[in-house]
Amino acid sequence: QVQLVESGGGLVQDGGSLRLSCAVSGGIFRINAMAWYRQAPGKERELVARITSSGTTNYADSVKGRYTISRDNAKNTVYLQMNSLKPEDTAVYYCNADITRGTGSLIYNYWGQGTQVTVSS
């Protein structure tokens with residue numbers, strides 16, 4: 001069964017940095033686009049960053065210039081480097097991936113369990 005496992009969340013001071021990782025496992029599959037979302041208390045879940053299979057990236061305006069999304073295809077892993085963190089970045093961060101399984105052509109969308117990022121003021 002395909003699984004997405006996030007790691008790297010935690011508590012950091014205002015202006016600090018964290019790197020989140022999301023590893024995909026579970027069998028034969030092909031990973032298309034991967035993305036990071038976040039959801040703060042009282043807020044809707046929002047797209048933070050996205051990266052295609054070819055490496056094209058897209059960022060939310062609120063994090064552009066501070067966050068960097070990248071992927072290691074050999075490790076089936078996507079990363080989110082977060083620098084110059086602010087208290088308003090505090091949220092649960094979720095990994096998301098579009099995956100084709102086996103020899104099929106249908107793309108399935110998967111979510112990780114989420115990892116808490118807390119930025120103290």
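Here is a short chat about the strands and turns of this predicted model.

Reader: What sort of model is this, and what pLDDT do local features need?
Author: It is predicted: local features need pLDDT of at least 70, side-chain atom pairs count only at pLDDT 80 or more, and totals for chains, interfaces and linings use all residues. Residues are numbered from 1 along each chain as its sequence is written, and side-chain values use heavy atoms, with hydrogens and water left out.

Reader: Sheets, then. In what order do the strands of the open sheet come?
Author: The order is E1-E3-E8-E7, four strands with antiparallel pairing. Strands (E, at least two residues) are DSSP runs, numbered from the N terminus. Two strands pair if DSSP finds at least two bridges between them.

Reader: Which strands stand at the edges?
Author: Strand E1 (3–7) and E7 do. Each has a single partner strand, so one side of each is left without a neighbour in the sheet.

Reader: What does the twist average from one strand to the next?
Author: It averages 15°. Axes are lines fitted to C-alpha atoms, and angles run from 0 to 180 degrees between N-to-C directions.

Reader: How many bridges pair E7 and E8?
Author: Six, in the antiparallel sense. Ser70 stands opposite Tyr79 in E8.

Reader: What lies in the loop between E7 and E8?
Author: Asn76 does, between strand E7 (67–72) and strand E8 (77–82). Its phi is near 50°, a positive value in a residue other than glycine.

Reader: Is Asn76 buried, exposed or partly exposed?
Author: Partly exposed, with a relative accessible area of 27%. Buried means under 20%, exposed over 50%, and partly exposed in between (1.4 Å probe, protein chains only).

Reader: And Ser84, where is that found?
Author: Ser84 is in the loop between E8 and strand E9 (91–101). Phi of Ser84 is near 50°, positive in a residue other than glycine. Ser84 is partly exposed, with a relative accessible area of 41%.

Reader: New topic. How do E4 and E5 pair?
Author: Strand E4 (residues 29–39) and strand E5 (residues 46–51) pair in the antiparallel sense over five bridges. Trp36 has Ala49 in E5 as its bridge partner. The two strands form a hairpin with six residues between them, and Gly42 in the turn has a positive phi of about 75°.

Reader: How many bridges join E5 to E6?
Author: Three, and E5 and strand E6 (residues 57–59) run antiparallel. Arg50 stands opposite Asn58 in E6. That hairpin has five residues between the strands, and Gly55 takes a positive phi near 100°.
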